[in-house]
Structures are given as C-alpha cells and as structure tokens.
Amino acid sequence: MDRTSALTPRRCLQYNVPLIINDRLDVALALKCGLHVGQDDMPAFVARALLGPDQILGVSINTEAEMVEALQEGVVDYVGIGPAWLKSEVERLHHFYLTL
C-alpha cells in the first residue's frame, strides 16, 4: 500500500468524510468503509449482504431500468448516474437532463 492509500482512511475520518472504495469489496471490508459497484460488478444485494448494513453502498446506473432495479432492491444508499457512451459532452448533458 502506498503512502496516499495508507493516509486516506485516516484523513477521511479526521475530516468526517465518508470513504467509498470503487469495485473492491475486499478493500472496503478491510478498511471498514463504503463501496461503489458498477453494473458489471457483483449485484448490489450481494454486496450489501457482505458489506453489512452500516456502510455506504452505491451503484452505477446507465438506464432508467437499472435505476428502477437498484431502487426496488432497497439496498443502496445512492446511485451514480452515468448516461455515458454518447459522442460528445454536449450530447451526454442533453441526454442526462432529458432523462431526468
């Protein structure tokens, strides 16, 4: 573990900022912190069962159907919206606002 990785959990705790690890349940469990999973990672309900009820859990969504599924499962604390894969930033922003 490099210096930044070693200091990050302590600094977050010092400033009362949640630490959320992307994709790596093993690291989140070791650090006793939150986890963010994507659509190609483990399902959110599995992550919640392993992470426990006290840590933050988020999931990436790219479609309305993924959002509905994530919210209906009732196990995530937040969703990360990623209306990605459009050709330009302008198209992405336009798509995002129309979708909301």
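The partner of Asp26 is Arg24: their side chains meet in a salt bridge, with 2.7 Å from N to O. Arg24 has a relative accessibility of 43%, so Arg24 counts as partly exposed too. As background, side chains of opposite charge can pair when their charged atoms come close.

How many salt bridges does a search of the whole structure find? The search finds two. The other pair is Asp77 and Arg48, whose side chains meet at 2.8 Å, again N to O. Are the two partners buried or exposed? Asp77 counts as partly exposed because its relative accessibility is 49%, whereas Arg48 is buried, with a relative accessible area of 13%.

That buried arginine leads us to helix α3, which spans residues 44-51. Its buried residues are Ala44, Ala47, Arg48 and Leu51. They lie on the same side of α3, because they cover an arc of only 100° around the axis. What covers these residues? The cover includes helix α2 (25-31), strands β2 and β3 (57-61), and helix α4 (64-73). After α3 comes Gly52, which has a positive phi near 95°.

Now let us step back to the whole chain. The protein chain has five helices and four strands, and reading along the sequence gives the pattern α-β-α-β-α-β-α-β-α. Of its 100 residues, 26% are buried. Among the contacts with a separation of 6 or more, 15% are between residues 24 or more positions apart.

Leu71 has its place in helix α4, and Leu71 counts as exposed because its relative accessibility is 54%. Another exposed residue is Lys32, at 66% relative accessibility. Lys32 lies in the loop between α2 and β2. Although Lys32 and Pro9 are 23 residues apart along the chain, 9.4 Å separates their C-alpha atoms.

Finally, how far can you read into these coordinates? The mean pLDDT of the protein chain is 84, with 79% of its residues reaching 70 or more. Where is confidence highest, and where is it lowest? Confidence is highest in strand β2 (residues 34-37), at a mean of 97, and lowest in helix α5 (residues 89-99), at a mean of 52. Over residues 96-100 pLDDT stays under 50, and for that stretch the model has three contacts beyond four places in sequence. Where pLDDT is low, the predicted coordinates should not be read in detail.

Terms used
Residues numbered from 1 in each chain as written. Predicted model: local features only at pLDDT ≥ 70, side-chain atom pairs only at ≥ 80, totals over all residues. Heavy atoms only, no water. pLDDT = per-residue confidence, 0-100. Helix = DSSP H or I, 4+ residues; strand = E, 2+ residues; numbered from the N terminus. Contact = heavy atoms within 4.5 Å. Buried < 20%, exposed > 50% of the residue type's maximum accessible area, 1.4 Å probe, protein only. Arc of directions from axis to C-beta. Salt bridge = Lys/Arg side-chain N within 4 Å of Asp/Glu carboxyl O.
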